[in-house]
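I opened this model to look up two things. The ligand surroundings came first, then the helix packing.

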Amino acid sequence: MVPDINEKDIDAVATVLRSGMLVQGKEVAKLENTVAALSATSCGVAVSNGTASLHLALLAAGIGAGDEVIIPSFSYIATANVVEIAGATPVFIDINADTFNIDVSKIEAAVTSKTKAILPVHEFGLACDITQIMQLALKHKLIVIEDAACALGAEENGKPVGGFGDIGSFSLHPRKNVTSGEGGVIVTNNNIFSDKMKMLRNHGIDPSATDMDFIAPGYNYRLTDFQAALVNSQLERFEQIIVSKQKLADVYFNELLHPLIQLPFVPKEKKHTWQTFHLLLHESVNRNILIEELKKKGVGANYGAQCIPDQSFYCKKYKHNSRTEFPNAFKAYHQGLAIPLYSKLSTDDIYHISKIILQTIERCWKTKKYS
Ligand SMILES: *Cc1c(COP(=O)(O)O)cnc(C)c1O
């Protein structure tokens, strides 16, 4: 992944450095307004990364010890870690094998008297079935916090993610479509939540008091202004970045037709932002050896996300059998392959990468080296 950074973006950072105003100034305020607008919400709160943003979202929603939070079993590990850090219990749900997003049909059976929230993920930049999740949340009086870390600009039925739930969380890590290096933004329409998140990101200082008053033991989750300037400059061409990734993704769709490859599926009511182009390989392909072979040929590919209940900490604590309880997450973790897709690639690069992927899979399949 090579971030989309040009000379203008670098100049924007230099301008802030020359100004001497380095932390949480007007570039941070501009970023908050831009991300709030992109997610059709009224308030954005910028923080130091996309894990801090999830953490503050949980705290603002009052989630803690004794609470259960429903999450997908296949995501980046941070989705579960923040639930643990807040003192609550993650309840894992399998994913849909076509979209890699939480399987909504399995959520209701997991709701108990302790369930406080659903924390769905818009995995790889594709909106999950968030409208249906909101209906379930309404029925069971649950809070919804969207982990939209990868999905700024993704949509369901023309409405952007982040603004469906009570709180939405975005990451600005270099692996996402736009980046501040490290960074995150939390969005909400709820003033009580946004005030609490602003207070907690800044040592517990009461944001409305004129004299400095500390009303809670807060964190330092602030973002610097030069980081905000970097991403603000990229956001000026945000639509172009998404369109260029869509065009490259379209080339993969044409080039990677192969019986051992399941291509991404985009339901017609969704807009995918292609943070990650994620393939699912047939079980006759040894994915890990394939990754090594591709690396030798200069193609960086890796698994896309973790089957979280299988990671040591979660495995020891909750003792799930992922192969039987979360078969789709298990399969995606073991047979999934994230391949290069970033706006600095050309169409020719995609032809070239596709050819190498197909040749490597084909050769290995025929010689049964991977079976
Ligand atoms: C990237 C990511 C995070 C964490 O964001 P950071 O900015 O790296 O802390 C959380 N959840 C998901 C789904 C992610 O992809």
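**Ligand site**

I looked up the ligand and found 15 residues around it, the closest being Gly-50, Thr-51, Asp-147, Ser-171 and Lys-176. A residue counts as near if one of its heavy atoms lies within 4 Å of the molecule. I kept in mind that this is a predicted model, where local features need pLDDT of at least 70, side-chain atom pairs count only at pLDDT 80 or more, and totals for chains, interfaces and linings use all residues. Residues are numbered from 1 along each chain as its sequence is written, and side-chain values use heavy atoms, with hydrogens and water left out.

Next I listed polar contacts (pairs of N or O atoms within 3.5 Å). Asp-147 puts a polar side-chain atom 2.8 Å from a nitrogen atom of the ligand. For Ser-171, a side-chain N or O atom is 2.7 Å from an oxygen atom of the ligand. For Lys-176, I read 2.7 Å between a side-chain N or O atom and a ligand oxygen atom.

I turned to helices, which are DSSP runs (H or I, at least four residues) numbered from the N terminus. Axes are lines fitted to C-alpha atoms over the stretch in contact, and angles run from 0 to 180 degrees between N-to-C directions.

I took α3 (residues 50–60) with α4 (residues 78–85): the angle is about 40° and the axes are 9 Å apart. The pair is therefore oblique; that class is what remains after under 35 degrees (roughly parallel), over 145 (roughly antiparallel) and 65 to 115 (roughly perpendicular). The crossing is right-handed, meaning the near helix is turned clockwise from the far one by less than a right angle. In contact (heavy atoms within 4.5 Å), α3 brings Thr-51, Leu-54, His-55 and Leu-58, and α4 brings Ala-78, Thr-79, Val-82, Val-83 and Ile-85. By class I noted six nonpolar, three polar and no charged residues.

I then checked α3 against α6 (residues 191–201): the axes come within 9 Å and cross at roughly 125°. That makes α3 oblique to α6. Their crossing is right-handed. Leu-56, Ala-57, Leu-59 and Ala-60 of α3 meet Phe-193, Lys-196, Met-197, Leu-200 and Arg-201 of α6. I noted seven nonpolar, no polar and two charged residues here.

**Helices α2 and α7**

How do the axes of α2 and α7 cross, and at what angle? For α2 (residues 26–38) and α7 (residues 225–235), I read roughly 40°, with the axes coming within 8 Å. That makes α2 oblique to α7. The crossing is left-handed. The α2 residues in contact include Lys-26, Glu-27 and Leu-31, and those of α7 include Asp-225, Ala-228 and Leu-235. By class I noted seven nonpolar, two polar and four charged residues.

Notes:
Helices (H or I, at least four residues) and strands (E, at least two) are DSSP runs, numbered from the N terminus. Ala, Val, Leu, Ile, Met, Phe, Trp, Tyr, Cys and Pro count as nonpolar, Asp, Glu, Lys and Arg as charged, and the others, Gly among them, as polar. A polar contact is a pair of N or O atoms within 3.5 Å; within protein, one must be able to donate a hydrogen and the other to accept it, and residues adjacent in sequence count only if both atoms are side-chain atoms.
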